[in-house]
Structures are given as C-alpha cells and as structure tokens.
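Please read the points alongside the sequence and the structure.

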Amino acid sequence: MAAVRAASAELGFAEAAPAWRLRSEQFPSKVGGRPAWLGAAGLPGPADLACALCGRPLAFVLQLYAPLPGRADAFHRSLFLFCCREPPCCAGLRVFRNQLPRKNDFYSYEPPSDDPPPEAGASLCLQLKSGAHLCRVCGCLGPKTCSRCHKAFYCSREHQTLDWRLGHKQACTQSGDLDNTVPDHNFLFPEFEIIIETEDEITPEDVEKEDESEIVGSMGFKRSTH
C-alpha cells in the first residue's frame, strides 16, 4: 500500500507594517495601498488596467513576492492582482507578473537590510528608479500629465479629475514637490504586509496520533486497537 503524503502549504497573514517595509526595494508581499513595482519593464499600462465591463481603472488588491528557483530571469518575481471596485460592476479580476534577474539596474545584488533606512519617514515617491512616473491616485503607470503644472501624472482622465477635486486644484500652481501633498483619494484598499509562513507537512501517521490524543484528553482513556 502506497504511503499518502500531504503537500505543505504556505499561509499568509495580513499585519500592519511601517511604510519602508512595503517599498519595492524590500520585495514585499502586501495587500492594498499602491503596488510596489520591481522595475519599468513589463508594467501594465492604462489599457491593460481598464475594466473590460465598465472601462474604469482597476484597483490594486495585493501582490505576492514569488521568485522562481533556478530561473535566472526571475530571481526577483512578484505577482499583482487587480480588480474593479466600481459598483455595480465590481468585476474584472486581472493578474500581472513583474520580474528581474538578480543582477539588474535597480536593486543591490545582496539581500535588503532588515533595519529601517535613514529616510524611513520620507514622503511617498511616485517615480520609479527607471524614471517612469506613476499615477498620483493608484500608483500605476501615469502617461498623462496635468496640462497646467506638468508635474502631476495620471493613468486616466478619471483619476486626474478625482485628484483635481480633492486638492490638486489648489496645489497645482504651488512650487515644490507634489509628492508631499498626495491626498487620500479613497480609491486604494487599506495597506498591510502579508507575512507568509510555511505550514508543516502532515502525514497520515500524524493525523492518527492527533485523533488518539483527542480521545485520551476528552474521555480519560485510550481506545483499544484490538
């Protein structure tokens, strides 16, 4: 009789975390907030992130850091899940992949430090190291700019209009870094880090032992096996 062996599983728990742990250089797994893109190559554009039903921009749900062992081109690899959150649609789930080799133009060859960086409290940055600009509302690629200040970038007219109503109208003509004045647009989901733990493998023998221990603890005696 062949032995049956259950496969191990990875469990994810959403926990609060400081902002610096959720940045791209920490290769996070997280839910909500803006996506922590790895680089510029392979990023979905506005057309890729438009709901197929209502046409509105999809919202970032979560990302998982999932490198592929043995694949030099996927030493760093993250999967990104988006959905439409506009009622009554609320559909359009879509998954994207972003990956890089270990030696690349954006990150150190060595693993990131577990200690917070000196600029841990720095403001949100909406420009990737590659130079690509991100939408002020959703954090996805922003090819459109404000025609007045040319400093605010957006993925769509919908998000430009939303940002204009919620503060950019007043901040548009002011000097300085607009990244310091990004308002809460109520478009993003609440942000948490996903802590992943590997569940130990369970064999049939382990299950039998657990069943017997439950019987002993509840009944005060052990069932005879004869």
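**Cysteines, fold and local geometry**

1. The sulfur of C138 lies 3.7 Å from the closest cysteine sulfur, which belongs to C155, and this is too far for a bond. C138 has a relative accessible area of 4% and is therefore buried. It should be kept in mind throughout that this is a predicted model.

2. C54 is accordingly in no disulfide, and the nearest cysteine sulfur, that of C84, is 3.6 Å away. C54 has a relative accessible area of 34%, which places this residue in the partly exposed class. For reference, a disulfide is a covalent bond between the sulfur atoms of two cysteines.

3. As to the overall architecture, the protein chain holds two helices and eight strands. Read from the N terminus, the order of elements is β-β-β-β-β-β-β-α-β-α. The protein chain has 226 residues, of which 32% count as buried. Its accessible surface is about 14000 Å², and carbon and sulfur atoms contribute 54% of that surface. Among the contacts with a separation of 6 or more, 60% are between residues 24 or more positions apart.

4. Strand β4 covers residues 76–83, and six of its eight residues are buried, so the strand is largely enclosed by the rest of the structure. Which strands pair with β4? Strand β3 (residues 59–65) pairs with β4 in the antiparallel sense over six bridges. Strand β5 (residues 94–100) also runs antiparallel to β4, and seven bridges join the two. Individual partners can be named: A59 has C83 in β4 as its bridge partner, and F82 stands opposite R94 in β5.

5. The loop between β4 and β5 contains P88. The peptide bond that joins P87 and P88 is cis, with omega at about 5 degrees.

6. The axis of α1 bends by about 70 degrees at R165.

7. Within α1, the buried residues are H159, D163, H168 and A171. The buried residues of α1 pack against β7 (153–154). By way of background, an α-helix has 3.6 residues a turn, so residues three or four places apart point the same way.

8. L162 also lies in helix α1. Is L162 buried or partly exposed? With a relative accessible area of 26%, L162 is partly exposed. Leaving aside neighbours within four places in sequence, L162 is in contact with V137 and H185. The C-alpha atoms of L162 and F187 are separated by 9.5 Å, although these residues are 25 apart along the chain.

9. K144 belongs to strand β6 (residues 144–145). At 41% relative accessibility, K144 counts as partly exposed. Which residues does K144 touch, not counting residues up to four places away in sequence? The list is A152, F153, Y154, C155, S156 and R157. K144 and H133, 11 residues apart in sequence, are 9.4 Å apart in space from C-alpha to C-alpha.

10. Two residues other than glycine have a positive phi and may be inspected together. F27, in the loop between β1 (9–15) and β2 (30–31), has a phi of about 50 degrees although it is not a glycine. H150, in the loop between β6 and β7, has a positive phi near 55 degrees. Which class of accessibility applies to F27, buried or exposed? F27 counts as buried at 11% relative accessibility, whereas H150 is exposed, with a relative accessible area of 51%.

How values were computed. Residues numbered from 1 in each chain as written. Predicted model: local features only at pLDDT ≥ 70, side-chain atom pairs only at ≥ 80, totals over all residues. Heavy atoms only, no water. Helix = DSSP H or I, 4+ residues; strand = E, 2+ residues; numbered from the N terminus. Buried < 20%, exposed > 50% of the residue type's maximum accessible area, 1.4 Å probe, protein only. Contact = heavy atoms within 4.5 Å. Areas by Shrake-Rupley, 256 points an atom, 1.4 Å probe, with all protein chains shown as cover. Pairing = 2+ DSSP bridges. Bend = angle between axes of the 7 residues up to and from the residue. Disulfide = S-S within 2.5 Å.
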